[in-house]
Amino acid sequence: MGTFFYSFIAMGAFFSVIGAALPMMRKEYMLNYQISGMLMSALAIGYLIAGATVNLIAGYLGKKRTYLIFSTFLLIGLGMMMITSNQKLLLLAASIAGLSRGCIDTFGNQAVSVAAEGNDMPINFLQACYSMGTCIAPLITMACGASWRIAFSIVMGFAVIA
């Protein structure tokens, strides 16, 4: 269970660091507001796709393998965002990163719900862990100053640990 609680902190940090770094990305990559908004939508689309399909995929690959594969999508997505300013690739990267969150969210909620055996405290704590991550991300971004890539790297480090 500790892995899922920690993973939710990492996912909260991941999802929020993108929003916190977006103004700096916009400036550096010369993105307009439309593309910036589409980046956030692409994250949500990836999340939606993973949430709808991850259990089907796990039926073929197994939950552990699926979880590990989808967890690497966060690293791939953030890595792509750090190295390319191509708008189409940025949207693809955001979608790929969103897939990771959808998988971790789905499997985490399932595992904690089963283990909780009707007790709502572990499920509430799991959601609070996500909120902890969302509170940490802007602080990380502020501490990194204008270097949003360092903030991304720190969050990627969280994901590797998870």
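Thr141 has its place in helix α5, where helices (DSSP H or I runs of at least four residues) are numbered from the N terminus. This is a predicted model, in which local features need a pLDDT of at least 70 and side-chain atom pairs count only at pLDDT 80 or more, while totals for chains, interfaces and linings use all residues. Residues are numbered from 1 along each chain as its sequence is written, and side-chain values use heavy atoms, with hydrogens and water left out.

Thr141 counts as buried because its relative accessibility is 5%; buried means under 20% relative accessible area, exposed over 50%, and partly exposed in between, with a 1.4 Å probe and protein chains only. If residues up to four places away in sequence are not counted, Thr141 touches Val17, Ala20, Ala21, Met24 and Ala151, a contact being heavy atoms within 4.5 Å. The helix that carries Thr141, α5, has 23 residues and reaches 33 Å from its first C-alpha to its last, close to the 33 Å expected at 1.5 Å a residue, the expected span being 1.5 Å times one less than the number of residues. Among the buried residues of α5 are Pro122, Leu126, Cys129, Tyr130 and Gly133, and the buried residues of this helix pack against α1, α4 and α6. Just after α5, Gly145 takes a positive phi of about 65°.

In soluble globular proteins, nonpolar side chains tend to be buried together.

A search of the whole structure finds seven aromatic pairs, where rings of Phe, Tyr and Trp (its six-membered ring) pair if their centres lie within 6.5 Å, and planes under 30 degrees apart count as stacked, over 60 as edge-to-face and the rest as tilted. Trp148 and Phe152 form an edge-to-face pair, 5.1 Å centre to centre and with 75° between the planes; because the two residues are four apart in helix α6, Trp148 and Phe152 are separated by about one helical turn. Trp148, with 1% relative accessibility, counts as buried. Phe14 and Phe15 form another aromatic pair that is edge-to-face, at 5.6 Å centre to centre and 70° between the planes, and both of these residues are buried. Elsewhere, ring pairs link Phe4, Tyr67 and Phe107 into a cluster.

Charged groups meet rings as well. Arg26 lies over the face of Tyr33, at 3.7 Å from the ring centre, and the charged end of Arg101 sits over the ring of Tyr47, 4.3 Å from its centre; a charge sits over a ring if NZ of Lys or CZ of Arg is within 6 Å of the ring centre and within 35 degrees of the ring normal.

A search of the whole structure finds one salt bridge, defined as a side-chain nitrogen of Lys or Arg within 4 Å of a carboxyl oxygen of Asp or Glu. Glu28 forms this salt bridge with Arg149, the closest N and O atoms being 2.6 Å apart. The pair links distant parts of the chain, with Glu28 in helix α1 (residues 2-29) and Arg149 in helix α6 (residues 148-161), 121 residues apart. Glu28 counts as partly exposed at 39% relative accessibility, and Arg149 likewise counts as partly exposed, at 27%.

Two loops complete the tour. Met30 lies in the loop between α1 and α2 and has a positive phi of about 55° although it is not a glycine; with 71% relative accessibility, Met30 counts as exposed. Glu117 lies in the loop between α4 and α5 and has a positive phi of about 50°, although Glu117 is not a glycine. Glu117 is exposed, with a relative accessible area of 72%.
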